[in-house]
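Colleague: I have not looked at this structure before. Could you take me through some of its packing?

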Amino acid sequence: MKIKSKKFAFYLIIWILPIFIGIFSFIFFYNYYISRELLLKNVEENTRNLTSSAINKSEGVFTTLEKIAYNSSIFIKNQNYSRDYILATIQGIVSGNDEIYGSCFAYNPKINPINEKYDAPYFWKDNGKIKFKNLASDDYNYTNWDWYEYPLKIQKGVWSEPYYDEGGGETLMSTYSVPIYKNQSDNNSFIGILTVDVSLDWLNKLIGSIEIFDTGYAFLVSRNGDIIAHRDTSMVMRLNLVELSIIYKDPQLELIVNEMKQGKSGFKRLSTKFLKEPSWIYYSELENNGWDLAFVFPESELYADLFDLNRQIIIIFTIGLVLILVAVFSISRKVTQPLSEFVNLMNREGEQFINEPIPEIVTGSSEIQTLNKSFKILQSELINYIKQHNQLMLEKSKIDSELNIAKQLQQSMLPHYSESISFNGKVGIDGSLDAAREIGGDLYDFFKIDDNHLFFAIGDVSGKGIGAAIFMSMVINLQRAFAKNEGNNICRIIQKLSEHISQNNEKNFFVTLFAGILDTETGIINFVNAGHNYPIILSKNNNPIIIDKTHLPPLGIINIPVCKSDFIQLKSGDSLFLYTDGLTDATNGNGEMFNSDRVITLLKELSEYSPLNTINYTKIQINNFVQGAEQYDDITLLVLQYLNYQNIINIYESSFTAHLAEFEKQRELIEKQIDEHKINSIAKNKLILVLEEIITNIIKYGETENNSPLIELRIDFSQESLSITMKDNSAPFDYNESFKNTQQQTPSFNQIGGRGLLLVSKMVHNFKYTYSNNKNIINFEIKIGK
Amino acid sequence: MEINIITKENYFLVKISGRIDASNSDEFQDKLQKSEEIAGKPIVFDFNELSYISSAGLRVLMLTYVQCSQESTKICILSPTEMVSEVLTVSGLNEMMPIFNNIEDAVKYVSE
């Protein structure tokens, strides 16, 4: 293990960084929002002041002009509006005021004193000279014109919408028209209209000269929405805000236009094509003529300072972040470096950890030093522990080796098959003891009592381990001794054994025992079962038979007063299968037991195996079943096979493929052997007939595309009969079923074939069919008549 | 297997010696069927020297029986060995082709 300071710092940063960024972002955006609000408020305030000063200036000019017109109108009224006086007055207005371009008096035709129907004397400036003309003519009925009609209608002076002078000049004009009454506001006493034409050049200069920041500017909008004054003179009278709002469908612009019409002031953001960039706009109305003065502030410029500020804040933040990272790295390094050093010190392999003293750490924090001390203590404790452990291991290995010797001794006590115990080939016997621990309490034994008697026994001592093993060896030795003395009397042997082992048995060990004596001449077994598992007889053509007899309780607890026994007879080829409960109780990983059903199923397949093969095959099946699960109990097997082939005079064995030609060869060989043993020809022909029919059947039903079936044939010759075993690896063919059919339905009168199996079924004895290990197995006998 | 067909006045006497089994039953069938002159008259199979017959041979006998019954002629067996007799009895063929131990009874049966 190695602690990396990087890693520690990494985790610190992972936690600190998002928090830092989160807080900063909050502050940053809050600050931005508040600053912007303040800025806008400030700008609005300043602009309002600026606007009102510009409006005051403009209104001053307009008011002055209005006053001139108004005062003149008073004079005209008071002088009984004599034409001479009017002429003098309006000429005076024009010549006396620089701003005034021209002035006109238009009579009310109804009260014209000189009976001219229309009269409108007009003075105007033309290149510095004052000129005169009468605007009234036959085709110029001025009473229908706005400048005449509108003031009359509202009965007060009014400014016209701006227009360009008639001379086609580039001067933008506005006319102030004031109605004159003899009596105030009496339409019947209406005298005429006095007009004053004013150039708006001054207004354009005034508005154009207004500068806000670098690129901010002002413009003036007429009541109709026309732009009448602008820094950029090309816009004047060219753009109309009402039209623009319709063209661009800009709701914000529409709102502004509406508010302007209603004479309201406002400060709004506007982003429209008509402005070069998104801007804030402030607008307010001139009282004289309802025109609106608007101030435009490009947003970028308005916020320039704010953005500058933000940039600085971000730079400061970045510097701060770097400082924090550096701090985190250096702190984590400082914290973990002594720890890493310590880890390097402790990073040692097992041997080194014990044998080399851990160095003292003097640097680092006190926690590290404490840890260092703790490890030194741990090391010395560990060294002590290992010493003790080694001592124990040494003692254990002594016990182990002794146990191993005991195991060998126990195993060497157990007999195995040898020629000397075969009774001239009549007996096959073998056993196996697999102890759950080194040594076990199971036992089996077999030995020759005399030339035709075999003693055999299997037993299970209560408990396991050394005690059980000692008890087991006592049982074996005692029964050997008593068998020698008592001869063929199984009951006497068992009684003596019981008597001896139940004496001084303070630990109350007991043994279940199945013991028997086989008469090798007859196959008869005289046996006693003292509480042991029932053995099983395996017979060649029969199901396993369980010998369910118990005569005594297990031996060792009490001395038994009476002993009974039973007899069974083994036929030649039969086996007796004996086992301890370790077999049936063998348990796999799922907790399932092997149980006696599985034992029976297994044994059905083993009827023709030798004892050793039966034992080996059973052990393989047990291992497959438990799949490596721990063995809890000793497993002991003993198999005794009786083979009295007295009657067998010859055995014919061969295997061949299922072809007629092959069978022809076999037939000749079989016939030759039959003739040699002087067996009569009827039996011979029957045998050949049956073999031919079965093989023909195998050929007919069993042949596959790839292989001809292989037939294994064995014929046991005796004086009375021929015993035949045939195996073939073709598909299963149930002869039993087939025989049932052929015998129930005698071939119809003129059925041509299909008589083969009928012949077989009628000509053989003891026919048995099984299917096992992928083979059809047939056994039958043919009696040999005299 | 040897087959000897003797044409008599009222029947054919077919003498067979040796064995009839799965290996030579086809040969047996061919020889019987190719003898054109065998048609039209009953047949007496002389099995005195036939030591062995299996179901393959029975099949040929049955074929011959079916053929004869179409021509309304009869078949019988003369003097079979013990083994052959048992096979014929066990398989039920003696129901269709009776077994006689002397030629006179056999001829009498087929001539009726």
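This is a predicted model: local features need pLDDT of at least 70, side-chain atom pairs count only at pLDDT 80 or more; totals for chains, interfaces and linings use all residues.

Colleague: Which residues have the most contacts inside the largest nonpolar core?

Modeller: They are A:Leu722, A:Ile724, A:Met726, A:Tyr735, A:Phe780, B:Phe45 and B:Leu61, in a core of 67 residues. The largest share of this core, nine residues, is supplied by H17(A).

Colleague: What is A:Phe780 in contact with, leaving aside its neighbours within four places in sequence?

Modeller: Its contacts include A:Val690, A:Leu691 and A:Ile694. Also among them are A:Leu722, A:Ile724, A:Val764 and A:Phe767. A second, separate core has 62 residues, including A:Leu40, A:Ile90, A:Cys104 and A:Ala218.

Colleague: Turning to chain B, which residues of helix H3 are buried?

Modeller: In H3(B), which spans residues 82–91, the buried residues are B:Met83, B:Val84, B:Val87, B:Leu88, B:Val90 and B:Ser91.

Colleague: And what do they pack against?

Modeller: From chain A, the buried residues of H3(B) meet helices H17 and H19. Within chain B, they pack against strands E3, E4 and E5 and helix H2.

Colleague: What follows H3(B)?

Modeller: The next residue is B:Gly92, with a positive phi near 85 degrees.

Colleague: A new topic: where is A:Glu301, and is it buried or exposed?

Modeller: A:Glu301 lies in helix H7 of chain A, residues 299–302. A:Glu301 is buried but has no salt bridge. The nearest side chain of opposite charge is that of A:Arg231, 8.1 Å away.

Colleague: Then what is A:Glu301 in contact with, beyond its neighbours within four places in sequence?

Modeller: A:Glu301 contacts A:Ile212, A:Phe213, A:Asp214, A:Thr215 and A:Gly216.

Notes:
Residues are numbered from 1 along each chain as its sequence is written. Chains are lettered from A and ligands numbered from 1 in the order in which they are written. Side-chain values use heavy atoms; hydrogens and water are left out. Buried means under 20% relative accessible area, exposed over 50%, partly exposed in between (1.4 Å probe, protein chains only). Helices (H or I, at least four residues) and strands (E, at least two) are DSSP runs, numbered from the N terminus. Contact means heavy atoms within 4.5 Å. A nonpolar core is a set of buried Ala, Val, Leu, Ile, Met, Phe, Trp, Tyr and Cys residues joined through side-chain atoms within 4.5 Å. Lys and Arg count as positive and Asp and Glu as negative; His and the chain ends are not counted. A salt bridge is a side-chain nitrogen of Lys or Arg within 4 Å of a carboxyl oxygen of Asp or Glu.
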